[in-house]
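Keep the structure open beside you as you read.

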Amino acid sequence: MNPTTDAGSVFRHALRAERIKFTTLPSLWIPPLLALLLTPGITTAVGAALGGTEPHLTDDPGAGVYYGLNFGQLPMVCFGILLIGLEFNTRMIGTSLSAVPSRGHLYGAKLTLAAAAALVVGAVGTAGAFAGYAATVPGEWAGPALVRSAAAGVLYPALLTVFCLGVTTLLGNLTAAMGLLTPTVFLLSPLLGGIPGAGRVVQFLPDRAGQYALHYADDPQIAYGHWTGLLITAAWTTAAACGGLRAMRRYEAAGH
Amino acid sequence: MIEIQGLTKEYAGKRVVDDLSFTVRPGVVTGFLGPNGAGKSTTMRLVLGLERPTAGRALIGGDAPAGGRPYAELTQPLRQVGALLDAHALHGGRTARGHLRWLAASNGLPERRADEVLAQAGLADAATRRIRGFSLGMRQRLGVAAALLGDPPVLILDEPVNGLDPEGIRWIRTLLRELAAEGRAVLVSSHLMSEMALTADHLVVIGRGRLLADAPATGFIERHGRPRVRVRAVDATKLGALFGGDAVHRLAADGVSVSQVDGEAWEVSGTEPERIAALAAEHGVVLYEIAVQQDSLEEAFMRMTADSVEYRAGSAATA
């Protein structure tokens, strides 16, 4: 027995373990798979159904291309929550910590897996959404904002997923994270965004800000630029990830 | 080996583990005994670094000069310590093999170890079944398989026979004895002395988080049990007059205690059978039974922990 035991190999082993955890549990790989199907699928279906007739679909190609992402982001939020939330709720976190006692390495491996899986979903989903949109909606879909919009399409799901993972780690509880994050992203933020007074605040929420970077056209209601929107989401994600790391370092896996 | 030094854990000012020190030595099964709520599981979680001690420490591999280190500092802990703390602390949606595969990967162990330990735990046929369909006994076996994954020199098992059928219990006993015979340090907890009597070479008894005994299993009764003399007389009324009533106080003054155990038999402790026979003869009581009885291990344990039982019938039993 001559194990290489430097910090690098600890992380590599932890990441490999996280990858196996991911592939061996359907509740973990089904959500990103769903996002991968919904993001281009709904865009293409809506494009095929309404593309020729509904003019506002084509006003801002950014809005049209990412119509499916409105639905695709739901499973990604769940993915971020489930990745660590399931461990808290099944107390499996105790088993994980006894296998990888270095809290930073365990958390870092989870974060890396979440980001990597979400980047794949973002890249493939965005490519698929553009292809589906181009095939079904007449008119120009390329434009000067194409590169920025496509980059946001790849990065936004990853930032949102890691944000949810961080918040869930901070809360240390699956149910609490579901209760906080899902209604915020799916109800509060889109609904309040339409109310003039609330919109000024809500536009700074991580999902609103990041989604603005997807659009081609400028919105006079939004107080920041498209790239800045993505940076605002990135700031939320960084804060959540750091908060999660702090919580993980302090976590005590108490008994039953 | 495991070196526990002054280990203390408080929750909101309440001491659950109180200045605990003992050593788990290689080559023997150390039985870790105490009533429910005595702090056994908390101690084990402290050893694994799952909780932080309020004071003291637990070192794996020996004391500090011998290179012992806290569990949290181990880089490939499964190769050094195998633990089964909570058979339910896993996700039921994975297969048994899936669960062991990620564990193996986390410590750089080859994935074939998963199938090897499944076979060793008698779960080879259930390798591809989802864990949620497992009985408690199968979960315990899976937990033992996980503990053996890294072929570790130290094993820590919290109540491993819980939920096992008689065959499973015998399997655990034999396995623990074999693992110790191979030179490993084995720490196994139980709230049942009768179980430990059959398995452990060494006993560590705690109550309310405090160390009550740390001694070899053989000779434990001689040290902590209390010999009694069982007495029966031809005329039960006469014997009753000899031991009952005011006589109790007189005898207690000499350090002798008596109690009526059933209709006509009495148990006397704190004196020798010769003196009882002499006393009976003096009062003309004809005895037909004078039997020296030793406490069972269970009774010695019950007496030792009687003052430290956290939850009794009638109070909130939450263990």
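In chain B, strand β1 (residues 2–11) is joined to β4(B) by 5 bridges, and the two run antiparallel. Helices (H or I, at least four residues) and strands (E, at least two) are DSSP runs here, numbered from the N terminus. To find your place, look for B:T8, whose bridge partner in β4(B) is B:A55. This is a predicted model, in which local features need pLDDT of at least 70 and side-chain atom pairs count only at pLDDT 80 or more, while totals for chains, interfaces and linings use all residues. Residues are numbered from 1 along each chain as its sequence is written, and chains are lettered from A and ligands numbered from 1 in the order in which they are written.

That pair belongs to an open antiparallel sheet of 3 strands in chain B, ordered β2-β1-β4; strands pair if DSSP finds at least two bridges between them. At its edges stand β2 (14–24) and β4 (55–60) of chain B, each with a single partner strand, so one side of each has no neighbour in the sheet. On average, neighbouring strands here are turned by 20 degrees against each other, direction ignored.

Chain B also has an open sheet of 6 strands with mixed pairing, in the order β5-β6-β7-β3-β8-β9. Its edge strands are β5 (81–84) and β9 (210–216) of chain B; each has a single partner strand, so one side is left without a neighbour in the sheet. Neighbouring strands of this sheet are turned by 15 degrees against each other on average, direction ignored. Inside the sheet, β6 (residues 154–158) and β7 (residues 185–190) of chain B run parallel and are joined by 5 bridges. One handy landmark is B:V154, whose bridge partner in β7(B) is B:A185.

Now turn to chain A. There, the axes of helix α8 (residues 146–171) and helix α12 (residues 226–250) of chain A come within 8 Å and cross at roughly 25 degrees. Axes are lines fitted to C-alpha atoms, for helices over the stretch in contact, and angles run from 0 to 180 degrees between N-to-C directions. α8(A) and α12(A) are therefore roughly parallel to each other, a term for angles under 35 degrees.

Finally, how many residues does each chain bring to the contact? Chain B gives 34 residues and chain A gives 31 residues, where contact asks for C-beta atoms, placed from the backbone, within 7 Å. On the side of chain B that touches chain A, α1 (40–47) and α2 (96–106) of chain B are the elements that give two or more residues. There, α2(B) gives the most, with 6 residues.

Technical notes:
Angles under 35 degrees count as roughly parallel, over 145 as roughly antiparallel, 65 to 115 as roughly perpendicular and the rest as oblique. Two residues are in contact if their C-beta atoms, placed from the backbone, lie within 7 Å.
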